Amino acid sequence: MDSITRKAADFIVNFDAASAPAEAIHAARIGIVDCVGVMLAGAREPAVELAAAIATPATGSNEAPVAVNGIRYGAADAALVNGVAAHVLDFDDVALAGHPSTVLVPLILAEGHVLQSSGQDALEAYLVGYELWAHLAELEPGHLHDRGFHPTAVMGTLACAAAAARLHQLSPEQTAHALAIAASLAAGLVANFGSMTKSLHAGRTAQSGIQAVRLAKSGFTGSLDALEHRTGFMRSFSPSGTPELDADAFRIGEESMAARYGVNIKRYPTCYATHRAIDAMLGLAEEHDIAPDDIATIHVHTGITQRLMLRNSRPQTGLAAKFSMEFAMASAAVARRVGLRELTDDFVSRADIQAMLERVDVTVNEDKAAADLPVAPFDLVWVTLRDGTVLRHDPVEHARGSWQKQLDRSELQSKFNECAAIFLPEDKVGPLFNRLYEIENTTDLRELDLL
């Protein structure tokens with residue numbers, strides 16, 4: 001009898017990249033490029049240094065991958081360190097109510113280094129991970145955030161196991177065991193948003209994917225109905241309590257979700273739940289040349305789940321400010337920017353920013369969009385000036401950089417350059433972007449020379 005677990009394993013093993021839509025390949029390509037850029041930008045963050053302190057450096061082997069801190073580790077620990085670096089700035093791309101690239105890319109680069117995988121292998125591993133995550137999510141009518149679970153750390157663990165299984169070319173049976181093992185390694189809480197632990201979610205997820213696959217490859221076993229069993233992954237993590245568990249409803253391989261949903265590239269290093277409102281606030285500030293002192297109130301009407309994620313109404317640190325609609329609006333109004341240099345403790349604690357936080361009023365809409373993100377159908381922003389004038393922005397459905405309003409190659413490279421240049425010499429940035437953007441031409445991932 002067919003099952004979700006076995007059906008997923010068969011898809012991972014038999015996936016034919018030649019039949020994948022061009023849009024899906026493009027999503028994987030820009031996901032890899034963008035993730036490497038933000039990973040390099042986050043390399044020197046304190047959270048990365050602290051996570052690296054619990055990893056074990058490899059000795060006496062050039063086969064071990066190099067993490068962004070320049071130290072060689074076993075693949076699982078390299079994925080841990082690089083995953084934290086990729087997510088710590090919250091500048092990584094978004095899809096499927098989480099961050100697929102920030103877990104898949106560190107895993108693929110680390111394990112792909114050991115296996116001497118090709119760039120084409122990397123694209124295929126990314127896509128099987130993405131498709132598994134997306135199709136499992138289609139079986140659940142609720143949103144994991146509402147239950148307090150971080151989708152990146154929950155669904156991402158299975159996606160990472162899928163990617164690693166593909167790189168290792170496991171059999172269907174081994175792959176099913178790897179998915180079952182990974183299902184018991186999944187964990188991550190929304191309550192830790194705005195702290196270092198959120199970035200640890202990404203690192204541990206990438207690490208867990210490698211560990212699950214290596215265990216399965218060695219003969220370690222899991223339950224081959226671990227996804228669909230009534231005490232299994234889908235029901236245990238279900239926010240609705242009514243996930244679809246019939247294998248016939250699991251339509252993996254019938255439609256490319258990567259082509260449908262793609263990836264949303266962030267233009268601001270904050271929670272994606274703020275991005276539509278930031279676009280609107282920046283638009284109003286620029287169109288009307290609003291002086292911060294003239295603002296009486298900034299009004300934001302957003303989604304109830306977005307508000308749940310944006311838990312910090314009065315942030316005092318850069319990390320906390322990433323999850324604050326009030327800060328996003330204050331930065332946009334005062335600095336007319338929401339960039340890396342604004343997400344610092346010094347900027348967040350400035351008197352004018354703290355004063356503007358008090359003038360931001362956030363209300364919520366309980367309607368949710370029917371797509372892949374736990375957001376309202378649109379965000380509304382309007383500003384009331386001290387003289388009573390009200391300035392309104394049109395409703396914003398899609399942020400700039402989203403799959404619906406994509407960045408072109410030059411815009412993507414501009415963000416990559418800004419991020420990578422924080423860590424790399426200028427003469428290495430452009431060539432690295434080009435190699436990543438054309439990754440299918442790479443015969444061995446070691447040729448990428450990230451550092």
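**Close-up 1. Contact between domain 1 and domain 2.** In this predicted model, 23 residues of domain 1 are in contact (heavy atoms within 4.5 Å) with 19 residues of domain 2. Domain 1 comprises 4-267 + 409-448 and domain 2 comprises 272-396, with bounds from an automatic or database domain assignment. Their centres, taken over C-alpha atoms, are 30 Å apart. About 1,900 Å² is buried between the two domains, 64% of it from carbon and sulfur atoms; buried area is the accessible area (1.4 Å probe) lost by two parts on being put together, summed over both.

**Close-up 2. Packing of helix α5 on helix α8.** Helices are DSSP runs (H or I, at least four residues) numbered from the N terminus. The axes of α5 (residues 100-115) and α8 (residues 151-168) lie 9 Å apart at an angle of about 25°; axes are lines fitted to C-alpha atoms over the stretch in contact, and angles run from 0 to 180 degrees between N-to-C directions. α5 is therefore roughly parallel to α8 (under 35 degrees; over 145 is roughly antiparallel, 65 to 115 roughly perpendicular and the rest oblique). Residues of α5 that meet α8 include Leu104, Leu107 and Ile108.

**Close-up 3. Packing of helix α8 on helix α10.** α8 and α10 (residues 196-218) pack at about 45°, with axes 8 Å apart. This angle makes α8 oblique to α10. Among the α8 residues at this contact are Thr157, Ala161 and Ala165, while the α10 side includes His201, Arg214 and Lys217.

**Conventions.** Residues are numbered from 1 along each chain as its sequence is written. Local features need pLDDT of at least 70 and side-chain atom pairs pLDDT 80 or more, whereas totals for chains, interfaces and linings use all residues; side-chain values use heavy atoms, leaving out hydrogens and water.

Definitions and conventions. Helix = DSSP H or I, 4+ residues; strand = E, 2+ residues; numbered from the N terminus.
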